[in-house]
Amino acid sequence: MTRLPQVDQQEESGLEDVVVRVYRCATVVKGGRRFSFGALVVVGDRSGHVGAGYGKSVEVPSAVDKGKSIATRAMFPVKLVGGTLPHRVVGRYGASKVVMVPASPGTGVIAGASVRAVLELAGVHDVLTKSYGSNTPKNLVRATINGLKQLISREEVEKLRGVSLAS
């Protein structure tokens with residue numbers, strides 16, 4: 001069963017959030033089963049800032065709210081060139097690996113649901129991705145974030161090497 005992530009807009013702060021997945025956990029107690037929920041939430045402003053959070057609670061809405069606040073606190077800037085990435089990058093987390101390749105304008109975001117949520121909310125418009133290994137949404141989101149944190153701009157490369165890169 002394929003679920004589309006739900007997008008919720010927060011007008012006052014300019015941030016949007018996507019609930020990537022809701023997890024249900026059950027513990028067996030004397031009177032039956034007691035359920036708790038976890039929500040994987042991605043928050044971004046679609047212009048270069050994104051974060052992810054995992055909130056847990058006895059009810060789904062409060063788990064989503066906790067996930068939003070955790071994701072908002074975990075936001076970081078993403079270095080972009082136009083609507084794509086500055087270079088090819090591989091993000092890893094656990095048994096998941098996500099390869100992200102810059103694409104020409106008009107390509108769109110070619111990615112699965114978990115990776116797509118992070119990239120779209122970060123403001124990426126054109127990118128090709130491929131995931132290897134575990135396809136768990138938690139790991140894919142964290143691997144994507146790991147890859148985005150590795151991006152460096154052309155100016156930073158020139159400064160680090162002490163040379164001018166010709167285009």
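# Report on a predicted chain: helices, cores and selected residues

Helix α2 is followed by Gly123, whose phi is positive, near 100 degrees. The model is a predicted one, in which local features need pLDDT of at least 70, side-chain atom pairs count only at pLDDT 80 or more, and totals for chains, interfaces and linings use all residues. Residues are numbered from 1 along each chain as its sequence is written, and side-chain values use heavy atoms, with hydrogens and water left out.

## The chain as a whole

The secondary structure comprises four helices and nine strands. Here helices (H or I, at least four residues) and strands (E, at least two) are DSSP runs, numbered from the N terminus. Read from the N terminus, the order of elements is β-β-β-β-α-β-β-β-β-α-β-α-α. The C-alpha trace spans about 70 × 40 × 30 Å along its principal axes.

Of the 167 residues in the chain, 40% are buried. The term buried means under 20% relative accessible area, exposed means over 50%, and partly exposed lies in between (1.4 Å probe, protein chains only). A contact means heavy atoms within 4.5 Å. Among contacts between residues at least 6 apart in sequence, 54% join residues at least 24 apart.

## Helices α2 and α3

Helix α2 (113–122) is mostly covered, since seven of its ten residues are buried. These buried residues are Ser114, Val115, Ala117, Val118, Leu119, Leu121 and Ala122.

In α3 the buried residues are Pro137, Asn139, Leu140, Val141, Ala143, Thr144, Ile145, Gly147 and Leu148. An α-helix has 3.6 residues a turn, so residues three or four places apart point the same way.

The two helices pack at an angle of about 35 degrees, with their axes 8 Å apart. Axes are lines fitted to C-alpha atoms, for helices over the stretch in contact, and angles run from 0 to 180 degrees between N-to-C directions. The crossing of α2 and α3 is right-handed; a crossing has this hand if the near helix is turned clockwise from the far one by less than a right angle, and is left-handed if anticlockwise. On the α2 side, Ser114, Val115, Val118, Leu119 and Ala122 meet Pro137, Leu140, Val141, Thr144, Ile145 and Leu148 of α3. By class, this contact has nine nonpolar, two polar and no charged residues. Ala, Val, Leu, Ile, Met, Phe, Trp, Tyr, Cys and Pro count as nonpolar, Asp, Glu, Lys and Arg as charged, and the others, Gly among them, as polar.

## Nonpolar cores

A nonpolar core is a set of buried Ala, Val, Leu, Ile, Met, Phe, Trp, Tyr and Cys residues joined through side-chain atoms within 4.5 Å. Which members of the largest core touch the most other members? Of its 29 residues, these are Val42, Val50, Leu85, Met100, Leu119 and Leu148. At least two residues of this core come from each of β2, β3, β4, β7, α2 and α3. The largest share, six residues, is supplied by α2. Apart from this core lies another, of eight residues, among them Val19, Val41, Ala63 and Val64.

Beyond its neighbours within four places in sequence, Met100 is in contact with residues including Leu85, Leu119, Val127, Thr144 and Leu148.

## Selected residues

| Residue | Relative accessible area | Class |
|---|---|---|
| Arg46 | 35% | partly exposed |
| Gly94 | 72% | exposed |
| Val101 | 28% | partly exposed |
| Ser153 | 17% | buried |

Arg46 lies in the loop between β3 (32–44) and β4 (49–57). This residue has a positive phi of about 60 degrees although it is not a glycine.

Gly94 belongs to the loop between β6 (89–93) and β7. Its C-alpha atom is separated by 19 Å from that of Tyr23, 71 residues apart along the chain.

Val101 is placed in strand β7. Leaving aside neighbours within four places in sequence, Val101 is in contact with Arg88, Val127 and Leu128. The C-alpha atoms of Val101 and Thr129, 28 residues apart along the chain, are separated by 6.2 Å.

Ser153 is found in the loop between α3 and α4 (154–161). Ser153 and Val78 are 75 residues apart in sequence, and 9.9 Å apart in space, C-alpha to C-alpha.
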